[in-house]
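Biologist: I'd like to go through this model with you and hear what stands behind each label. Can we start with the pockets?

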Amino acid sequence: MRKRDKEKREKERTVYRNRHLGLKIGIGGSVLAVVLLAGAFWYVEKTYTVSTVYVEGNAHYTDEEIMDRLMVGHMGHNSIYLNFKYRNQEIGNIPFVSAVEVEILTPDTVRIRVYEKSFAGYVSYLGRYMYFDRDGTIVESSEMKTAGVPEVTGLKFDHVVMYERLPVENDKIFATILDITQSLGKYELKADRLFFDREYKVTLYFDEVRVQIGDGGSIDEKFSRLKSILPELEGKKGVLQMENFTTDSKIIPFQEDKK
C-alpha cells in the first residue's frame, strides 16, 4: 500500500509540475505575443505616419479641406488605416463628393483621389443652391456655390424636393442644359449663368457679356467659335448674337450696351 501511495503522490507531483510548467509557458507566450504585437503596432504607427499627401480630382474643396475631412481620429494620419478605410468607399457626409480612394505611394506618402458628383447646373431656391444632374434630379443642396457649375435661371417651378426631378413644364430642357455644360467644359469656357426665356431660348452670361445662342442647336460649333471671340470682348458690356450662327458665318454681331 505504501508503495502505491508513493507512486500516486509522485504522479500527482509530476502532473502538478507539468501543469505549472505549461502555465508558465502559456503566460510567457502570451507576454511575448503582447510584446510582439505592441512592437508591431509601434513600428506600423511610426513608419506609416503620413507626412506627404497628394490630392486629385477636387474642384469644390481645397486640398486642405479634403485632408481635414478625411484624416481624422487617432489613426487618421496612418497610411495603412487610410488605405483600408477609404478603399472603394462611398462618402455620404461630404457634400459634392460621391467617393474617395487613398493610395499608398510610400509608407509616409499617400494620394487621395476624390470623385466629385457630376452636376449639370443649379437653381436658387429659398436661399439655397439646389444642384441637379443630367436628368434634372436634385442631388445636392448647399449654401455654397461650386466652381464650374453654372446657375440656371428662367425655369418655372413651384417646389423642389431632394432626389426628385425639378418640376418644370418641359423636362427636355435638361438635355439642352447638359449639352451646354459639357461643351463649356470641353472648350474651357466658364459661364456665370444660363438664362432660358419663355420659348426656351438660351442666353449665357460671361461677366458683362451676354451670348445669345438660341434654341440650343449647333452648340459645339458655336462654342468652338465663342472660345476665340470672348478674349476680344474682355472689358466690354453687351450682347453677342449667335442665334443664327453657322460654320459659314463670317460676321457675328455684337451690340455694345449704351453707356
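Modeller: On a 1 Å grid over the protein atoms alone, a pocket is an open set of points with protein on both sides within 12 Å along at least five of seven lines, and lining residues have an atom within 4 Å of a point. Points are joined across faces, edges and corners, and the volume is the space filled by probe spheres set on them. By that count, the largest pocket holds about 390 Å³. Its lining has 18 residues, with A147, G148, V149, P150 and T181 closest to the centre.
This is a predicted model, where local features need pLDDT of at least 70 and side-chain atom pairs pLDDT 80 or more, while totals for chains, interfaces and linings use all residues. Residues are numbered from 1 along each chain as its sequence is written, and side-chain values use heavy atoms, without hydrogens and water.

Biologist: What makes S183 buried or exposed?

Modeller: Buried means under 20% relative accessible area, exposed over 50%, and partly exposed in between (1.4 Å probe, protein chains only). S183 is at 9%, so S183 counts as buried. The residue sits in helix α4, residues 173-186; helices here are DSSP runs of H or I with at least four residues, strands are E runs with at least two, and both are numbered from the N terminus.

Biologist: How do you know what S183 is in contact with?

Modeller: Contact means heavy atoms within 4.5 Å. Leaving aside neighbours within four places in sequence, S183 has I219, D220 and F223 as contacts. Helix α5 (219-229) is among the elements covering the buried residues of α4.

Biologist: What is the reach of α4 set against?

Modeller: The expected span is 1.5 Å times one less than the number of residues. With 14 residues, α4 reaches 20 Å from first C-alpha to last, close to the expected 20 Å.

Biologist: Why is the pair of K186 and D220 called a salt bridge?

Modeller: The term needs a side-chain nitrogen of Lys or Arg within 4 Å of a carboxyl oxygen of Asp or Glu. For K186 and D220 the N to O distance is 2.9 Å. K186 is in α4 and D220 in α5, so the pair ties together parts 34 residues apart in sequence. K186 is exposed because its relative accessible area is 53%, while D220, at 29%, is partly exposed.

Biologist: And how many salt bridges does the structure hold?

Modeller: It holds 11. One of them joins R113 and E56, with the closest N and O atoms 3.8 Å apart.

Terms used:
On a 1 Å grid over the protein atoms alone, a cavity is a set of points where a 1.4 Å probe fits but cannot get out, and a pocket is an open set with protein on both sides within 12 Å along at least five of seven lines; lining residues have an atom within 4 Å of a point.
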